[in-house]
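Subject: Structure handover

Hello,

Here is the structure I promised to pass on. Please open it alongside this email and follow along.

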Amino acid sequence: MATLSSTVSVKVPQTRQGGGGSTPPTFGGGGGDGRGGNGSPDYGERLRRARLGLAVGLTPVIMLFVSFTSAYIVRQGLPTLDVRTNTYVHDWLPVNLPWVLLLTNTVILVVSSVTMELARRQITRQAALAPVTSIPGVSLGEERKFPWLGITVVLGLGFLTGQWMAWRELAARGFYVATSASSSFVYLLTAMHAIHLAGGILALLYSAVTSLLRKPVEARRIVVDITAWYWHFMALLWIYIFALLEIAR
Amino acid sequence: MASTEIVHAHAAPQGFIRKYIFSLDHKIIGLQYYFLALIAVFLGMGLSLLMRIHLIWPTASLPIFGDIKPETYLMFVTMHGTIMVFFVLTTAPQGGFGNYFLPIQIGAPDMAFPTLNMLSFWTTFVAFVVLIAAFFVGAPLHGWTGYAPLSAVPSSGPGEGLGADLWITSIALFCAASLMGALNFITTTLDMRAKGMSMMRMPLTCWAWFITAILGLLAFGVLAAGGILLLMDRNLGTSFFVPGGLNFTGQTSFPPGGFSPSTDLVKHNGGSPLLWQHLFWFFGHPEVYIAIVPGMGVASQLLSTFSRKPIFGYRAMVYAMLAIGILGFVVWGHHMFMSGMSPYSAFAFSIMTMAIGVPSAIKTFNWIGTIYKGRVRFHTPMLFAIGFVSLFVSGGLSGPFLAQPVLDIPLHDTAYVPGHFHLIMGVAAIFGIFAATYYWFPKMFGHMMNETLGRWHFFITLVGTYSIFMPMHYLGMAGQPRRYSQLTEVAYLHPLIPLNRFITYAAIVTIAGQFIFLFNLFWSMAKGKKAADNPWEATTLEWTTATPPPHDNFGGRTPVVNHGPYEYSVPGAPRDYVMQSDPATAQVH
Amino acid sequence: MGLALLAIIWLITFFSTYFFVAKTWWLPVGASAAAPWIDHQFALTYVLMGIVFVAAQGSLGLFVWQYRDRGSASQVHYSHGNTTLEVLWTVLTGVLFIGLNLMGSSVWASERFEPAGPGAVQVEASGLQFAWYFRYPGADGKYGRTKPELMDASAGGEAAVGLDTGDAASKDDVVSGTMYLPVNREVDLALRAQDVIHSLFIPAMRFKQDAVPGLIIHMHFKPVQTGDYEIACAELCGLGHYKMHGMLKVVSQEEFDKWLASKEAEKQ
């Protein structure tokens with residue numbers, strides 16, 4: 001109920017920092033450590049900081065996939081020296097992708113993004129109402145704690161399972177990781193995305209764990225919020241990869 | 001990733017482990033990075049000493065190491081470069097001093113994500129351990145640049161098996177650690193500045209750390225991509241970098257037992273060695289700016305402080321660093337003029353490379369302009385800052401030779417290139433680290449370093465490093481190629497051996513001189529003269545706080561900033577320096 | 001201390017510049033048609049950069065002495081800079097650097113944008129760990145087929161490049177460990193590598209080009225002076241990189257024809 005940690009020995013700062021969740025001025029400002037003027041945690045500031053951190057952190061992920069993309073596009077057009085004839089040939093072999101399966105996986109991932117967003121909004125509402133519900137005697141009625149987060153985890157695992165099945169299908173069609181340049185890229189791009197998505201699932205599980213550990217709901221809200229935006233990014237990234245592999249075969 | 005706990009700033013940690021091993025305090029983490037870099041730099045120097053000795057006395061049998069075979073020499077070359085570039089130049093200036101002083105200089109109590117900060121150090125540490133492990137299984141011989149197919153085919157030479165896999169793994173871990181660090185630096189700078197600390201009032205050291213972090217953020221992901229593709233080529237039989245039709249029968253002595261065409265080499269087809277070079281250098285060029293930009297920030301800070309004069313052209317300095325950062329991403333092809341890349345691309349890259357000389361020149365003019373009509377105090381930090389400018393000029397001016405493809409024809413892959421980049425990275429950047437050490441030592445450890453020892457260290461190192469690296473330009477023009485373990489086989493190199501011998505002697509003396517610094521560093525921690533809170537009479541926020549700074553940096557206060565960072569000798573002011581958090585007056589900016 | 005710094009900086013500047021001006025260690029005498037142009041661009045660059053070098057180091061040394069803290073005698077000029085000066089030296093530096101580059105670009109274009117002319121001598125240079133082999137296509141002007149599985153460096157000669165003797169075009173191919181070229185004729189060099197990246201570097205010809213596995217790279221140059229010119233490998237290629245060298249012998253056209261004929265005769 002209480003949103004203050006009980007281990008605090010508060011030293012009240014002399015000057016006002018960042019403030020309790022207000023929008024910081026354009027220059028300067030926001031220099032606090034996440035505490036407001038009265039020593040209580042400034043969750044607004046922390047949320048902003050966490051979101052900024054996520055935006056920054058997603059930049060190298062984008063650079064990773066930009067690198068893979070440029071390697072893919074260039075390799076597609078690159079002539080290869082055939083040492084038998086000493087002539088250059090184009091040896092790009094389009095991969096026979098199991099696109100129905102991949103499309104199904106895409107739908108699963110998009111739906112999981114929807115459920116993730118519902119989970120995010122759910123906890124945002126709970127966090128906004130937290131100060132009210134901490135007043136003894138006040139009750140807001142029974143908001144059904146629909147397990148959107150749990151559903152997202154299930155759908156995420158479903159996506160990964162579907163990707164595994166797609167790899168099995170590719171192998172059955174004769175495309176292994178080293179079969180051709182094109183197949184190498186298919187495995188590379190899908191595997192790299194899957195690894196990052198698995199990280200997202202771990203973050204979701206951590207969100208679930210924090211609710212069990214009874215952390216303050218505002219703190220939990222930040223974890224879920226960041227995970228949600230990461231999750232949406234993963235969905236967009238997958239759509240991009242799928243489009244790239246299908247359109248630029 | 002986001003720390004949602006009550007920030008540790010409230011209560012200092014108890015217990016040795018929480019306080020010094022798994023600390024969340026950016027100051028301790030900064031020191032951890034610094035001492036890791038210190039170990040790395042002495043290891044890297046030792047390797048270079050072995051290399052120089054072998055070059056002059058190739059048949060000599062050394063104590064402990066015995067005979068140094070050609071492949072061993074190349075292992076030294078590879079590990080020296082990897083250790084120095086990653087674990088010294090990308091660690092000490094940014095992870096070391098940046099971690100320690102960025103939050104304090106902007107008036108924050110810690111970094112944005114202290115747990116992530118701790119993780120980034122320990123990941124760097126593990127990366128270092130993995131790299132050292134390569135020594136024990138046979139380190140790779142492909143150079144820090146790791147060109148494929150030499151690095152992509154395990155049978156290309158000794159150490160290219162497990163050793164190369166460990167090398168790639170170490171670098172991949174280092175990428176992850178750097179990216180975590182960059183995240184922290186950028187978020188902290190954007191979101192945690194104290195009231196009144198606008199971006200244009202930040203010390204230039206903070207700008208440097210900020211820009212360096214952005215460079216790292218954009219560059220290390222590309223290196224990671226290259227590393228992943230290389231691991232796949234080596235272990236999964238893919239052909240990103242390995243073309244078909246290769247044959248390694250030329251090496252009759254390796255691999256042991258002989259090479260058999262029936263190995264998986266036959267399966268490779270269609271890979272492009274140039275793809276590795278593009279990916280590597282897209283990272284590699286910003287990397288060298290990551291290595292030097294923090295030193296530029298330190299030089300600006302110290303030249304202003306010890307000339308008692310504002311930095312000449314603060315805005316220009318900021319824009320110049322930004323320009324260097326941006327342009328640094330479009331010049332990578334100048335490492336590839338001889339690679340078989342299109343000559344038209346080469347032309348484009350060379351124009352951009354010459355362009356990047358312009359902001360570098362601006363910074364140099366402004367440093368000299370800062371000293372002009374100043375009042376120079378020759379404390380050791382200032383000596384190294386002055387040395388930095390001299391070395392930056394020398395190393396920088398050999399750049400325009402290499403930047404022109406037609407001049408790169410005789411100079412590429414000759415000793416001219418290590419002459420150029422060592423003057424900048426191997427000396428100027430190191431001078432930046434030394435300068436920062438002597439400057440901030442009082443604040444970190446509460447004692448002053450010994451001035452006499454500092455001066456000896458400075459003069460030996462300045463003269464010594466010039467003696468080592470300036471002659472390499474002459475050797476390069478005469479046609480001495482890089483990475484030769486001996487100069488005995490190619491006849492036209494024989495007349496160059498005496499100059500090589502001179503370089504080796506200079507290296508021995510210079511490396512010996514570094515032990516003066518090492519002694520001074522540790523002796524002063526215990527026995528140095530006690531330091532006041534602001535021994536240099538400097539203006540930036542770290543000098544307003546206690547020595548060493550308390551756990552939350554400002555002892556419960558939070559500074560409010562009213563002045564720019566370099567208000568020295570302000571006309572009409574009571575002292576010749578106005579600290580950033582001094583009360584506002586009408587006279588200053 | 002200021003005086004010591006001035007002295008050290010000026011001495012370093014003096015000695016560095018001296019060895020450049022005295023050309024104690026310098027580029028070898030040029031022996032190709034492109035060498036004078038390259039050397040001219042080199043000279044222009046080092047004169048201009050030399051002036052900047054001396055001016056910058058000189059003023060650094062001078063100022064640290066001239067503006068040393070002399071107690072009450074020192075008067076600091078409080079200033080945040082001078083925008084006019086900034087703009088001026090930015091523009092001048094830009095003009096200098098970009099201009100220098102554009103001046104050298106015509107030499108680069110003539111060396112690299114155009115292929116070899118007709119009538120150039122055809123030579124294929126193959127780099128392998130750790131030797132160079134040079135192949136001449138013979139009277140038919142065509143290189144015979146090579147096969148990776150036939151490559152055997154220990155056997156040398158044709159076997160080193162994996163020549164497929166079954167191919168008709170191979171009959172007149174000549175493989176040599178030494179490159180012979182006729183003087184005053186352009187050579188169309190086809191660079192190949194069998195295993196890792198090597199680089200063919202002939203300092204006197206001002207010639208360097210990486211030999212990349214998976215590519216056949218055509219480069220041209222024109223030797224204008226007879227003599228023996230050592231070839232070094234200029235890209236790290238493994239443990240034998242330091243001893244991977246060869247020899248270019250530039251001879252008269254008659255001697256070249258004689259040499260080629262004798263090599264053809266050896267094949268019978």
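Below is what was found, taken one contact at a time.

Please keep in mind that this is a predicted model.

**Chain B against chain C**

Start with the contact between chain B and chain C. Chain B gives 111 residues to it, and chain C gives 97 residues. The two chains bury about 9,200 Å² between them. Of that area, 72% is on carbon and sulfur atoms. On the chain B side, B:Arg375, B:Tyr474 and B:Met477 lose the most area to chain C. Together they make up 8% of what that side buries.

What about polar links? Chain B and chain C share 29 residue pairs in polar contact, with both residues at pLDDT 80 or more. Several helices of chain B each supply at least two residues to this side, among them H3 (70-89), H8 (273-307) and H15 (451-477). Helix H10 of chain B gives the largest share, with 16 residues. By type, the chain B side splits into 69 nonpolar, 29 polar and 13 charged residues.

There are also two salt bridges between chain B and chain C. One joins B:Arg375 to C:Asp69, with the closest N and O atoms 2.9 Å apart.

**A residue to look at: B:Ser307**

Find B:Ser307 in helix H8 of chain B. Is B:Ser307 buried or exposed? Its relative accessible area is 0%, so B:Ser307 counts as buried. Now look at what B:Ser307 touches, leaving aside neighbours within four places in sequence. Its contacts in chain B include B:Thr370, B:Gly374 and B:Arg375. From chain C, B:Ser307 is in contact with C:Val76.

**Inside chain B**

Chain B is divided into domain 1 (24-244) and domain 2 (282-527). The C-alpha centres of these domains lie 19 Å apart. Domain 1 gives 55 residues to the contact, and domain 2 gives 58 residues. They bury about 4,900 Å² between them, 79% of it on carbon and sulfur atoms.

How many salt bridges cross the interface of domain 1 and domain 2 of chain B? The rule finds zero. Polar contacts do occur there: the count is ten residue pairs, both at pLDDT 80 or more. On the domain 1 side, helices H2 (26-56), H3, H4 (92-106) and H7 (204-235) of chain B each give two or more residues. Helix H7 of chain B supplies the largest share, 14 residues. That side of domain 1 holds 42 nonpolar, eleven polar and two charged residues.

**Chain C against chain A**

Next, turn to chain C and chain A. Ten residues of chain C and five residues of chain A take part in this contact. About 650 Å² is buried between the two chains, 42% of it on carbon and sulfur atoms. C:Pro148, C:Arg192 and C:Ile216 supply 48% of the area that chain C buries against chain A. The count of salt bridges between chain C and chain A is zero. One residue pair is in polar contact, with both at pLDDT 80 or more. The chain C side has three nonpolar, three polar and four charged residues.

Chain A itself has five helices and two strands. Along the sequence they run α-β-β-α-α-α-α. Buried residues make up 47% of the 249 residues in chain A.

**Salt bridges**

Over all chains, the search finds 27 salt bridges.

- B:Glu537 and B:Arg377 meet at 3.1 Å, N to O. B:Glu537 sits in the segment after helix H16 (497-527) of chain B, and B:Arg377 in the loop between H10 and H11, 160 residues apart.
- C:Arg135 and C:Asp173 meet at 2.8 Å, N to O. C:Arg135 lies in strand E2 and C:Asp173 in the loop between H4 and E3 of chain C, so the pair ties together parts 38 residues apart in sequence. C:Arg135 is buried, at 0% relative accessible area. C:Asp173 is buried too, also at 0%.
- C:Glu158 pairs with C:Lys267, with the closest N and O atoms 2.6 Å apart. They lie in helices H4 and H5 of chain C, 109 residues apart. C:Glu158 is partly exposed at 27%, and C:Lys267 is partly exposed at 29%.

Finally, look for a network of salt bridges. It links B:Arg308, B:Arg375, B:Arg377, B:Glu537, B:Asp576 and C:Asp69.

Best wishes

Terms used: Residues numbered from 1 in each chain as written. Chains lettered and ligands numbered in written order. Predicted model: local features only at pLDDT ≥ 70, side-chain atom pairs only at ≥ 80, totals over all residues. Heavy atoms only, no water. Contact = heavy atoms within 4.5 Å. Buried area = accessible area lost by both parts, 1.4 Å probe. Salt bridge = Lys/Arg side-chain N within 4 Å of Asp/Glu carboxyl O. Polar contact = N/O pair within 3.5 Å; in protein donor to acceptor, adjacent residues only side chain to side chain. Helix = DSSP H or I, 4+ residues; strand = E, 2+ residues; numbered from the N terminus. Nonpolar A, V, L, I, M, F, W, Y, C, P; charged D, E, K, R; others polar. Buried < 20%, exposed > 50% of the residue type's maximum accessible area, 1.4 Å probe, protein only. Domains from an automatic or database assignment.
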